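Please keep the structure open beside you.

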Amino acid sequence: MSDETLLSARGLTLSFGAIPALVDVDADLWPGEVLAVVGESGSGKSTLLNVLSGRMAPQSGVVWYRDPARHLHDVHAMPQPALRALHRSDWGFVHQNPRENLRMGVSAGGNVGERLMAHGSRHYGQIREHAIDWLEQVEIDARRVDDLPRTFSGGMLQRLQIARTLVTHPRLVFMDEPTGGLDVSVQARLLDLIRGLVRRLNIAAVLVTHDLAVARLLAHRIMVMQRGRVVESGLTDQVLDDPQHEYTQLLVSSVLQA
Amino acid sequence: MTSPATGYNFAYLDEQTKRMIRRALLKAVAIPGHQVPFGSREMPLPYGWGTGGIQVTAAVLGQQDVLKVIDQGADDTTNAVSIRRFFGRTAGVRTTTHTGEATVIQTRHRIPEHALREDQIIVYQVPQPEPLSKLESSRAETRSMHGLAEYGLMHVKLYEDITRYGHVSISYDYPVMVNRRYLMAPSPIPAFDNPKMHMMPALQLFGAGREKRIYAVPPYTEVKSLDFDDHPFRTTRAPHCCALCGADDSYLDEVVTDDKGGRMFMCSDTDYCETRRAQGHVGPEAMAAE
């Protein structure tokens with residue numbers, strides 16, 4: 001294992017009964033890098049994300065995380081309080097459906113401020129200022145800070161979720177189909193936004209998507225999964241322009257050319 | 001005083017039950033603000049009338065104790081009179097309405113105005129012991145939130161209140177941090193009474209009968225009402241003085257006196273009001289009556 005990796009997985013294996021979800025999966029993530037995991041439905045992408053983020057335990061294999069003080073942690077052997085603290089501060093999770101992550105009965109400002117308050121912020125004015133600043137960063141009108149999320153459109157909800165996740169400046173963000181279920185113009189704008197934020201804040205991200213265009217736009221490196229196995233991995237452009245594995249070739253050729 | 005009823009154990013509950021409750025109480029005192037489960041018994045009064053408080057009182061009551069029971073500050077309401085008479089009959093203990101004379105005070109929704117002493121115990125009746133219950137419905141989740149001291153959610157509620165109303169709108173059962181560790185529901189006492197819990201010399205015990213939880217604040221323990229640095233906790237009280245005794249520092253009840261909009265404000269703590277009147281303090285209403 002290289003000395004510089006942020007997150008490192010070795011030999012992850014997990015099956016649901018007879019169905020293999022992960023078969024001996026290795027993965028490495030360096031600081032500031034975006035890694036895309038692509039594949040069709042049921043190929044184990046989301047399971048991999050859940051296992052990497054410690055939300056689901058593998059049957060075998062290990063996930064190492066290097067904290068800011070350069071100490072290595074075995075994610076699945078970490079005590080529950082430490083893992084929960086990690087998820088609140090250093091890590092973030094962006095769900096496909098923003099309603100899973102947001103509190104729909106709490107104002108946009110409250111939603112963005114929750115992680116700050118969980119972190120110990122006890123100054124209303126500062127929390128609000130931060131919230132407004134972040135709403136602006138994700139291109140939501142600052143005047144909507146007191147509105148409830150249920151008055152927001154789908155694309156705004158997803159941007160609000162991103163603001164809520166990034167407000168504590170996490171070093172590592174897990175994204176599960178962040179642009180899924182949005183129409184194409186909203187998707188493009190969101191992708192642009194995510195790309196800008198990730199680059200500016202130097203955030204490392206593991207991005208699960210079935211959309212090769214999303215991977216092409218956002219990711220530095222790509223892993224192609226099929227039936228729980230990583231069939232091909234490498235630099236995004238390299239893999240997509242010159243796919244070696246037959247399944248990757250199939251994926252790339254199946255994308256409609258506009 | 002009526003003579004003790006025969007056929008009942010001292011203070012109604014059997015000794016094994018009292019021991020079980022005392023074990024829960026000891027644990028509760030050892031971990032201030034932590035909710036300890038206990039085997040709550042059926043009591044001869046309905047849930048919501050103080051089944052938790054009455055069991056705690058029964059467990060701590062001794063033959064030499066002097067009992068005072070208040071309901072919303074008053075000694076003379078049905079609930080207070082019934083519970084006082086209950087222990088008068090089943091334990092034969094002396095009862096009183098004077099805060100200063102009592103050694104055990106069972107209360108519903110108030111803390112007496114008269115400062116409590118080290119040799120006194122105050123027992124609160126608690127309907128809902130879980131301060132996070134309205135924000136997180138899963139008890140398994142709130143338990144782990146308490147275990148890991150993850151109380152950001154409670155501040156989200158305060159944040160929302162300030163955003164919507166400009167101030168925290170919780171007027172009773174205002175959440176407190178006990179000993180800088182556990183978030184605790186102080187039972188539905190007015191936020192006005194919250195500062196009295198801080199560093200109180202008396203032992204504070206809380207019993208929730210229906211929810212089967214006991215918790216406690218030992219004497220001289222830090223109890224801090226939640227707030228923001230730039231929106232500090234403030235108590236509110238009706239901007240009047242007591243119509244009967246003229247007190248301008250006590251918590252007031254608004255009493256409607258007729259159907260023409262007539263109303264008066266008077267101390268909710270009846271003992272405090274009576275003591276003041278006995279000392280010669282006269283309020284505007286009482287003065288007009290003379």
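In this predicted model, strand 3 (residues 34–38) of chain A runs parallel to strand 9 of chain A, and the two pair over four bridges. Within that pairing, Val37(A) sits opposite Met223(A) of strand 9.

Strand 9 of chain A also pairs with strand 10 (residues 229–235) of chain A, here in the antiparallel sense and over six bridges. Arg221(A) has Leu235(A) in strand 10 as its bridge partner. Strands 9 and 10 of chain A make a hairpin with two residues between them, and Arg227(A) in the turn has a positive phi of about 45°.

Here are the two pairings side by side:

| Pair in chain A | Sense | Bridges |
|---|---|---|
| Strand 3 and strand 9 | parallel | four bridges |
| Strand 9 and strand 10 | antiparallel | six bridges |

How covered is strand 9 of chain A? Strand 9 (residues 221–226) is mostly covered, with five of its six residues buried.

Over in chain B, helix 2 (residues 51–60) is mostly covered too: ten of its ten residues are buried. Among them are Thr51(B), Ile54(B), Gln55(B) and Val60(B). The cover over these buried residues includes helix 1 (15–30), helix 3 (78–90), strand 4 (104–108) and strand 8 (203–208) of chain B.

Back in chain A, Ala57(A) lies in the loop between helix 1 (45–52) and strand 4 (60–66). Ala57(A) counts as partly exposed because it has 13 C-beta neighbours inside 10 Å. From Ala57(A) to Leu83(A) the C-alpha to C-alpha distance is 13 Å, with the two residues 26 apart in sequence.

Key: Residues are numbered from 1 along each chain as its sequence is written. Chains are lettered from A and ligands numbered from 1 in the order in which they are written. This is a predicted model: local features need pLDDT of at least 70, side-chain atom pairs count only at pLDDT 80 or more; totals for chains, interfaces and linings use all residues. A residue is buried if 20 or more other C-beta atoms lie within 10 Å of its own, exposed if 12 or fewer, and partly exposed in between; C-beta atoms are placed from the backbone. Two residues are in contact if their C-beta atoms, placed from the backbone, lie within 7 Å. Two strands pair if DSSP finds at least two bridges between them.
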